[in-house]
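Please look at the sequence and the structure shown below, and keep both in view while you read.

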Amino acid sequence: MDTTVSCELHLHLIVSSESSLPVRASLRYDTADPYAVHAVFHTGAEDTVEWVFARELLTVGLHLPAGIGDVQVWPCRSRSLDVLCIALASEEGEALLHAPARVLEEFLERTEAVVPPGTEHRRLSYDQELSRFMAES
């Protein structure tokens, strides 16, 4: 049976060194996709941007810089708070977000309670994954 862990949080889109905009985000972890965290950033009244992160990337990023290319994360302090900096890059542009570290830590702890790190492979059905891959091709 699959389990889903979700989290709502408020981030800050960094516009300049003095300015940021609030961004609401929804995180979802599904044991059917045990390596991934799905994020939906609510950028307007009805506009959203979706990203998928490796759960391990977010976990490591809470303590050390992690990621290359389109997604990079690292711990930092902002306005006396511990935050996770999330740098995203795509063809549409780039964004730097600050996410509250404690909220992410609690979310990741809940995901680890349902699928401990290192056991993700036990949740995968290789036949289903191969079928899904072939359908997408």
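## Salt bridges and a cavity

In this predicted model, aspartate 82 and arginine 77 bring their side chains together in a salt bridge, with a distance of 2.6 Å from N to O. Arginine 77 counts as exposed because its relative accessible area is 54%, and exposed residues are those over 50%. Aspartate 82, with a relative accessibility of 48%, counts as partly exposed.

Two others are made by arginine 102, one of them with glutamate 105 and one with glutamate 106.

| Salt bridge | Closest N and O atoms |
|---|---|
| Arg102 and Glu105 | 3.5 Å |
| Arg102 and Glu106 | 3.2 Å |

Through salt bridges that share partners, Arg102, Glu105 and Glu106 are joined into one network.

How exposed are the members of this network? Arginine 102 has a relative accessible area of 43% and is partly exposed. Glutamate 105 is partly exposed at 28%, and glutamate 106 is likewise partly exposed, with a relative accessibility of 37%.

A search of the whole structure finds one cavity of 30 Å³ or more, and the largest cavity holds about 70 Å³ of space. Which elements give two or more residues to the lining of the largest cavity? They are strand E1 (4–16), strand E2 (19–30) and strand E3 (36–42). Among the residues that line the largest cavity are Leu9, Leu11, Ala25, Leu27, Ala39 and Phe41, and the lining also includes Phe53, Leu58, Ile86, Ala99 and Leu104.

What kinds of residue make up this lining, nonpolar, polar or charged? The lining of the largest cavity consists of 11 nonpolar residues, with no polar and no charged ones.

Key:
Residues are numbered from 1 along each chain as its sequence is written. This is a predicted model: local features need pLDDT of at least 70, side-chain atom pairs count only at pLDDT 80 or more; totals for chains, interfaces and linings use all residues. Side-chain values use heavy atoms; hydrogens and water are left out. On a 1 Å grid over the protein atoms alone, a cavity is a set of points where a 1.4 Å probe fits but cannot get out, and a pocket is an open set with protein on both sides within 12 Å along at least five of seven lines; lining residues have an atom within 4 Å of a point. Grid points are joined across faces, edges and corners, and a volume is the space filled by probe spheres set on the points. Helices (H or I, at least four residues) and strands (E, at least two) are DSSP runs, numbered from the N terminus. Ala, Val, Leu, Ile, Met, Phe, Trp, Tyr, Cys and Pro count as nonpolar, Asp, Glu, Lys and Arg as charged, and the others, Gly among them, as polar. A salt bridge is a side-chain nitrogen of Lys or Arg within 4 Å of a carboxyl oxygen of Asp or Glu. Buried means under 20% relative accessible area, exposed over 50%, partly exposed in between (1.4 Å probe, protein chains only).
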